[in-house]
Amino acid sequence: MKSTRIALVSSELAPFAKTGGLADVAAGLSRYLRTAGHDVRLFLPLYRSIREGGWPLEPSKHVPEIELSFGSRTYTFSISTTPLPAPDGSIARRAPYVHLVDCPALFDRPGIYTQDGDEPLRFALLSRAAIETCQRMQWAPDVFHLNDWHTGLLPLTLRTLYAWDRLFEQTRTVMTIHNIGYQGVFDVSVLEELGLMDQRRHLDQDDLREGKVNFLKTGLLHADAITTVSRRYAEEIQTPEYGMGLDGILRRRKDVLHGIVNGIDYGDWNPETDTLIPHRYTADDLEGKRDNKRALLESFSLAFDERVPVLGIVSRLTHQKGFDLLPVVLPVLLQREDLRVLVLGSGEASHEEYFQWLRDTWPTKVGIYRGYDNDLAHRIEAGADMFLMPSRYEPCGLNQMYSLKYGTVPIVRRTGGLADTVEPFDSATGEGTGFLFDAFESEALHAALREALGVWQEPETWARLVKNGMAQDFSWERQGPLYEALYEALTTPPG
Ligand code: ADP
């Protein structure tokens, strides 16, 4: 495979700036591509948290202070670079380089995302800074790989404001949708502030009539290729039910829309090597998993019994994640069955309060930790027997893939990446890796949980199910080549 020059632009990148899966995917994919011999350069805002994070930042020689005009305003930025560390913190010889866009007027703020009026400008600058930096480096990317609404203006900007620069003549753009629920919709007045008045005819005209501009939609209109993070989600977002208003444009562009399931980093998430769990284990020797279960229950002050299953939940507690199905289901199960439920999460008050109520009502069966705790997430993956994700929609989902690796059987709604990565278990054949339900209804979830609890009663069958899951491989070594093939198809001249 030929070596491709890839400029990956993102608002998040682990470990520098993370609020969700996007950060992990940007990092995992870039490391894979670099190791596979491609020239990968990453573009990320230099947020205050990165500046103060003690990272080794090197001011770029190629990019001194650059002035960029947006409407009547001018901003100055420069570039600092730093290598992307491996998951264990070490710097690989072939680490990709991160180009941090240093524009204190826009990025020296308390958070990654803000509610400030200039939020669209912050990310419009990221796109232009990435293009300008490539110009200064005289480096022509074969592909600009863009991620979510924050980078949605880049394809149009490249083809209009920078159309004069022959450096980008062969450059293609890929727009990846990590979650269509966030589109970057702003009042049409931002066009003036962004200096995009002359580009109005290239924007969605219905939106303009309604007085708005949609960054993600603009990206989907102008990118050469569109990807999303699972095959099933690529189908779903073409329907009104899941498309969140973008299904029409996605149906029109379906020939260039591809679903590629995210890879996961087994350097971080592997029960054989995980230093965040008390006991390590393998598919051939699960004794350590039992010890992790004991330790986990103890940490929640709950009694351990090998034969009593533990159901784990680790999640943002938002509407997307579907926990509003639980109130009809869990009390019935907790009343009738010997079962432990352990929840790690934070988010909407109604969900937090519900889990707290559950804990108060069944204090010997339920444990809850409100907040974000990566170590505990690992310990739940290792110590639970089953893992619940009843998502309303799930572009890819990472936790179900971690669960499979840890021998923790996923119980999931058949949607998005959950449908692509969990295969229904069939006790007759012994094939399959988890339990799925279709309708977003309590009864359907209840049936899946009952099915799981039924199989739990047959230890030999359960052991087979656990082994099937642990044998799955969702590494970047498997998923990364799908992106390479896409880049290659995009950059190979027809014929
Ligand atoms: P999403 O990106 O929609 O939140 P994913 O399943 O793709 O969902 O990724 C969620 C990631 O965040 C996983 O790595 C999961 O372990 C982690 N996570 C979510 N909530 C918490 C929490 N409260 N504490 C620790 N880790 C969490």
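Biologist: Does T82 count as buried or exposed?

Modeller: This is a predicted model, and T82 lies in strand β5, residues 73-83. The side chain of T82 has a polar atom 2.8 Å from the backbone oxygen of P56. Buried means under 20% relative accessible area. The relative accessibility of T82 is 1%, so T82 counts as buried.

Biologist: How far apart in space are C103 and Y47, C-alpha to C-alpha?

Modeller: C103 is found in the loop between β6 (97-102) and α3 (104-107). With a relative accessible area of 1%, C103 is buried. In sequence, C103 and Y47 are 56 residues apart, while in space their C-alpha atoms are separated by 8.8 Å.

Biologist: Is the pair formed by the rings of F425 and F435 stacked or edge-to-face?

Modeller: A pair of aromatic rings is described by the distance of the centres and the angle of the planes. Centres must lie within 6.5 Å to pair, and planes over 60 degrees apart count as edge-to-face. For F425 and F435 the centres are 6.3 Å apart and the planes stand at 70 degrees, so the pair is edge-to-face.

Biologist: Which parts of the chain does this pair of F425 and F435 link?

Modeller: Both residues are buried, F425 as well as F435. They are ten residues apart, and the pair links distant parts of the chain. F425 belongs to the loop between α17 (416-421) and β18 (435-437), and F435 to strand β18.

Biologist: Which residue lies over the face of Y266?

Modeller: A charge sits over a ring if, among other conditions, NZ of Lys or CZ of Arg is within 6 Å of the ring centre. R128 lies over the face of F70, at 4.7 Å from the ring centre. Over the face of Y266, at 4.7 Å from its ring centre, lies K405.

Biologist: Which atom of the ligand lies 2.8 Å from a polar side-chain atom of K321?

Modeller: Around the ligand there are 17 residues, and those that come nearest are R316, K321, G371, D373 and L398. G371 places a backbone N or O atom 2.8 Å from a nitrogen atom of the ligand, and D373 has such a backbone atom 3.0 Å from a nitrogen atom of the ligand. For the polar side-chain atom of K321, the ligand atom at 2.8 Å is an oxygen.

Biologist: Which element gives the largest share of the shell around the ligand?

Modeller: The elements that give two or more residues to this shell are β13 (310-317), β14 (340-347), α15 (374-383) and α16 (399-405). By class, the shell has six nonpolar, seven polar and four charged residues. The largest share, three residues, comes from β13.

Biologist: Which peptide bond is cis, with omega near 5 degrees?

Modeller: Most residues other than glycine have a negative phi, and most peptide bonds are trans. P15 is found in the loop between β1 (5-9) and α1 (21-35). The cis bond, with omega near 5 degrees, runs from A14 to P15.

Biologist: Is Q138 buried or exposed?

Modeller: Q138 has its place in the loop between α4 (119-137) and β7 (143-147). Its phi is near 50 degrees, a positive value in a residue other than glycine. Because exposed means over 50% relative accessible area, the 58% of Q138 makes it exposed.

Technical notes: Residues numbered from 1 in each chain as written. Predicted model: local features only at pLDDT ≥ 70, side-chain atom pairs only at ≥ 80, totals over all residues. Heavy atoms only, no water. Phe/Tyr/Trp six-rings, centres within 6.5 Å; stacked < 30°, edge-to-face > 60°. Helix = DSSP H or I, 4+ residues; strand = E, 2+ residues; numbered from the N terminus. Buried < 20%, exposed > 50% of the residue type's maximum accessible area, 1.4 Å probe, protein only. Lys NZ or Arg CZ within 6 Å of the ring centre and 35° of its normal. Near = heavy atom within 4 Å. Polar contact = N/O pair within 3.5 Å; in protein donor to acceptor, adjacent residues only side chain to side chain. Nonpolar A, V, L, I, M, F, W, Y, C, P; charged D, E, K, R; others polar.
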